[in-house]
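Please read this briefing alongside the sequence and the model. It is meant for a reader who has not seen this structure before.

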Amino acid sequence: MRYCFGPVPSRRLGLSLGLDILPDKTCNLNCIYCELGRTERLTCRRGEYHPTHEILAELDNVFTAGEIAFDCITVTASGEPCLHSELGKILAFARERSTKPVVLLTNSTLLNDPQVRAEARRADLVLPSLDAARERSFRRINRPARQLVLEDIIDGLCRFREEFSGRLWLEVLLVAGVNDSTEDIESLEKAIKKIGPDRIQLNTVDRPPAEEWAGPVSIERLGDIAGMLGQPAEIIAKFKRKDICADLPLLEKEILKTLKRRPLSHQDLEELLGNKAHRMEEALKAMIDSGTVDLVRVKGTTFYHLSNPQPL
Ligand code: SF4
């Protein structure tokens, strides 16, 4: 599959069938924390970067086959999905063809465009981000394309909130020493109050960032910031680790039980099973050697899945 990936376990959404609608890496921001690396194509131009008919045909095949279980369809991109000029058509198609909620991830920068807002309204749930409400911090953390103005972005978010009847969960990603000062949080608090999202979700760096020096904010500081925002904010939590026996056969059994439900990346398995990395490697290697487990590479991530799904 070229555009669909997963399903992958998501902290916020459960089991998410992803749809990546842009080529690497097309964005109008160049965030210092981006896990995709630095932006190669920094642009605000909307266009049909991938042919819409191909994206829809692939999605149609997945729905028709009906073999994959998932909780939602997440329209995302190796960049900013609202840059795809047929976003509205893609969202509408996903909603028509599936009973599962359709989710849109966006960096919010194009929501001051009425056309983009009209298209984004076709999603059931929109997860926009806003990392800073002070121009200087915005430029430091998001390194936007020259024509983007923070005030317009916040205004676009406010307008979208007024027009959109679905759920809106605003994500704020905090980087230590960049956008986590008291002044930054006070400005964010004012902006968030104006926007009125259904949820505020605080996040920090937890995967290799575009810039090595972009470091995470401590959990204690995130807690303080959640309290400073003046309205309920949740810290997006990782999957809880379960302690399981490190004995290899038992570990293999536990992995098989998990893979029976869905394919998982190495990191997902570590987070779900909570065992030490070297034991996990050992168990996975034994299962691959015996032909029980296969690997598949999707959008730069390796996933493990059962070679022949069977009752355990
Ligand atoms: S908006 Fe998203 S894709 Fe674009 S640079 Fe920032 S984190 Fe990366």
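Predicted model: local features only at pLDDT ≥ 70, side-chain atom pairs only at ≥ 80, totals over all residues.

**Overall fold**
- The protein chain has 312 residues, and 38% of them count as buried.

**Helices H1 and H2**
- Helix H1 spans residues 52-65 and helix H2 spans residues 87-97.
- The two helices pack with their axes 11 Å apart, at an angle of about 15°.
- Angles under 35 degrees count as roughly parallel, and H1 and H2 are therefore roughly parallel to each other.
- The crossing of H1 and H2 is right-handed.
- On the H1 side, the contact is made by Thr52, Ile55, Leu56, Leu59, Asp60 and Phe63.
- On the H2 side, Lys89, Ile90, Phe93, Ala94 and Arg97 take part.
- Sorted by class, this contact of H1 with H2 has 7 nonpolar, 3 charged and 1 polar residues.

**Around the ligand**
- The residues around the ligand include three cysteines, Cys27, Cys31 and Cys34.
- Leu29, Asn30, Leu36 and Thr39 are also among the residues around the ligand.
- Gly79, Glu80 and Asn107 complete the list of residues around the ligand.
- By class, the shell around the ligand has 5 nonpolar, 4 polar and 1 charged residues.

Definitions and conventions
Residues numbered from 1 in each chain as written. Buried ≥ 20, exposed ≤ 12 C-beta atoms within 10 Å, placed from the backbone. Axes fitted to C-alpha atoms, helices over the stretch in contact; angles between N-to-C directions. Helix = DSSP H or I, 4+ residues; strand = E, 2+ residues; numbered from the N terminus. Parallel < 35°, antiparallel > 145°, perpendicular 65-115°, else oblique. Left-handed = near helix turned anticlockwise from the far one by under 90°. Contact = placed C-beta atoms within 7 Å. Nonpolar A, V, L, I, M, F, W, Y, C, P; charged D, E, K, R; others polar. Near = placed C-beta within 6 Å.
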